[in-house]
Amino acid sequence: MSDVSQRPSRLTGGAFGLLPHLLLFVAILALWELAVMTGVITSIMIPQPSAVAAAIWKLYVTERTIYEHFFITLTEAVVGFLIGAAVAVSLAVASALNEPFKRYVSPYAIVLNVTPGIALTPVIIAWFGYGMGSKMALAAIISFFPIYVNTLTGLVQRHGDREDLFRSVGATDRQVFLKLRVPSALPLMFAGFKIGLTTALIGAVVAEFAQATAGVGVLMSRFSFQLNMASSIAALLSMTLIGLILFYSMEFLDDRVVFWRRESRRAAASRAKARRWTALMGKEED
Amino acid sequence: MAVSDSTLSEGAGGGLSLRQRRILTHAGIFLTLIALWEIGSRAGWLDPLFYPRPSNILRSFWLIYVQNGNVWYHLYATMILVFAGFAAGSILGVGLGALVGFNPLVRRFIKPYVIVLEATPRIAVAPLLIAALGFGAPSKVAIIMLVCFFAPFINTLSGVVNVDEDRLELFRSLGASKWQTLRKLVLPDAVPVIMAGERLALTAALSGALVAEFIQRNEGIGSLILVYTRNLNMASAFACIFTLTILGFLIFRGMEWVDHHVAFWKHEPGLERVGRRRRRKMKEALDE
């Protein structure tokens, strides 16, 4: 009931909220366009919005050059992130389970953290070549630390009462870890994944700037050096798009995996469980 | 009894505390790794052309710091830009963050742009800025500024906005002025968050400088790393990278120190220090 009554009001509220935003956006674009047209801003340095729109049209529709580069950069960032996350999570789990291991690994993790990962770019390119491998490697290296530190922090949290409860009903170490420590670490882990994914994209793009044959970063630096600023901004906006895709995919996963943090998701999960439960009961009655 | 026995026997046996033994183990592991690396390289398992030997890296340190001394110039060039860009970017970030935070209308309209900015890899704007501002210091500082801007901006914004409602209520009911609310309620909670943003910003500044130098390739530690790697002088490249590790560590510690002094009320020792000073002052005032 409450769902139905809330929905329309939320919709209209959204529309009313959206209109001023749109107006402001259009006004900014119009002012910008006008400034370039009257020569207040030189179009070589900052191109007018219509030129950027034309460049986007060209990249995405008429010449369709962007797609190849787009997917290369996206793949580099995602694969790099997956490698970095796999290493980070396994090291963090090992560190959480084994105190000496944590003690002897953490200094190296800290050294890796205080070194600007980006400084490794030329070396990584010398090691892994000009192709996608070097971009994935850099993405993996710089996404490692936020994931490691968040996972470790999540796993070693103190639970006090809850752990006492687990112990008092005779839970094994394994059960305490899987049913208490891991679930309560998940929100922090996902926060780490979100940071890691953003930094992975940065790693891929920076490696592309340094040396590469394909990717949005290459496209962008090529356009910049040709002083084709409109296309360069179009390429930059494509990176924003990649960033948004990555961020919202992770947000979606976060919502599904850590469903108990959101009221609506928790309700959906318990509804599904209740359905399964009644189905099971029904079958037993037959 | 058993515990004290074992600690006694340990103390008698090694003559070392637990802490000292841990440090020794750390050093042992570190030296073993280095030795393995060196041996692996000498035995031909690791190509020294790509994976420089520890001994060669040490020699490179000597070379670039003492014998040739060329690293100083580049280090200086980089750090000047880092601090200039950091100062400009973080002041801008805190200023705009406060402006937006205190103004609900501006906050509502700026939100979508912040989300878009957050998703964009900000370092990616580097080629654009270089094309717009030309080669040289201005474009580098602009890149660092841009990279530094965001964390202080967001943290100032959230620090100013996330004021505890109950406490705000209390302040209102006691008739606190706007200035009092700002100074006694908003700032004490916001400053630690802002300082956390500044710490992130300074780290990002170093990365921003490196990217700018990778693209411009004229001076600075980033271009030095690039040149050494291109010449396959990997030992010197690693000496530069470890220099940045040390620099990163100093920045980290330096910002921690600044944080403990600026936001002293969040840290036990700082709180005691300031408390002692205030007690002393009050006592002097009373004595008079």
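Modeller: A salt bridge is a side-chain nitrogen of Lys or Arg within 4 Å of a carboxyl oxygen of Asp or Glu. This is a predicted model, in which local features need pLDDT of at least 70, side-chain atom pairs count only at pLDDT 80 or more, and totals for chains, interfaces and linings use all residues. Residues are numbered from 1 along each chain as its sequence is written.

Colleague: How many salt bridges are there between chain A and chain B?

Modeller: Contact (heavy atoms within 4.5 Å) takes 45 residues from chain A and 47 residues from chain B. Between chain A and chain B, the count of salt bridges is 0.

Colleague: What area do chain A and chain B bury between them?

Modeller: Buried area is the accessible area (1.4 Å probe) that two parts lose on being put together, summed over both. Of the area between chain A and chain B, 79% is on carbon and sulfur atoms, and the total is about 4,000 Å².

Colleague: Over which residues of chain A is the pLDDT below 50?

Modeller: The mean pLDDT (the predictor's confidence in each residue, from 0 to 100) of chain A is 87. Beyond near neighbours in sequence, one stretch has 0 contacts in the model, and its pLDDT is below 50: residues 1–14 of chain A.

How values were computed
Chains lettered and ligands numbered in written order. Heavy atoms only, no water.
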